[in-house]
Amino acid sequence: GRYVAYYTLSIHIMYSSFLFIINALGILNTVITADTGSIASSNELGGLFGALQASESAAGMLGPFLGGVVSYYFGEDGATSAPLMAVLAIYAFLFLFVY
């Protein structure tokens, strides 16, 4: 979805691909929360969910910053898609690591 949204010239296709990304992330976050709720005891769930929310918030702050750094240092000479390629590489690594 991100690849299509980045390279398309149509605003309708871009928002349509973002719709799929947002829905997938919402479903994935729900599944992760439900699965992690079963690995901790009931008296540790609050701390676990607090740590998960804190890490998600930190990723929301650090992600755009790191994307800007990657774009600044590697975005010259026509390589403006360096942040996108970095995100896709991280997704591929995580997919291979998890599966």
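F74 lies in helix α3, which covers residues 45-74; helices here are DSSP runs of H or I with at least four residues, strands are runs of E with at least two, and both are numbered from the N terminus. F74 has a relative accessible area of 56% and is therefore exposed, given that exposed means over 50%, buried under 20% and partly exposed in between, with a 1.4 Å probe and protein chains only.

F74 also belongs to a nonpolar surface patch of about 820 Å², made together with L62, F65, L66, V69, Y72 and Y73. Patches are made of residues with over 30% relative accessible area and no salt bridge, with like charges joined within 9 Å and nonpolar side chains (Val, Leu, Ile, Met, Phe, Trp, Tyr) within 5 Å. A salt bridge, in turn, is a side-chain nitrogen of Lys or Arg within 4 Å of a carboxyl oxygen of Asp or Glu.

## Basis of the model

The model is predicted, so local features need pLDDT of at least 70 and side-chain atom pairs count only at pLDDT 80 or more, while totals for chains, interfaces and linings use all residues. Residues are numbered from 1 along each chain as its sequence is written, and side-chain values use heavy atoms, with hydrogens and water left out.

Apart from neighbours within four places in sequence, L48 is in contact with T36, I39 and A40, where contact means heavy atoms within 4.5 Å. From L48 to A59, eleven residues away in sequence, the C-alpha to C-alpha distance is 17 Å.

S17 is placed in helix α2, residues 11-37, and counts as buried because its relative accessibility is 8%. The side chain of S17 reaches the backbone oxygen of M14 at 2.8 Å.

## Overall form

The protein has four helices and zero strands, and its elements run α-α-α-α from the N terminus on. Its radius of gyration, taken over C-alpha atoms, is 17 Å, whereas a compact globule of 99 residues would have one near 13 Å; the globule rule is 2.2 Å times the number of residues to the power 0.38. Along the principal axes, the C-alpha atoms fill a box of roughly 55 × 30 × 25 Å.

Of the 99 residues, 11% count as buried. The protein exposes about 7800 Å², of which carbon and sulfur atoms supply 71%, with areas from the Shrake-Rupley method and a 1.4 Å probe.

Note on methods
A polar contact is a pair of N or O atoms within 3.5 Å; within protein, one must be able to donate a hydrogen and the other to accept it, and residues adjacent in sequence count only if both atoms are side-chain atoms.
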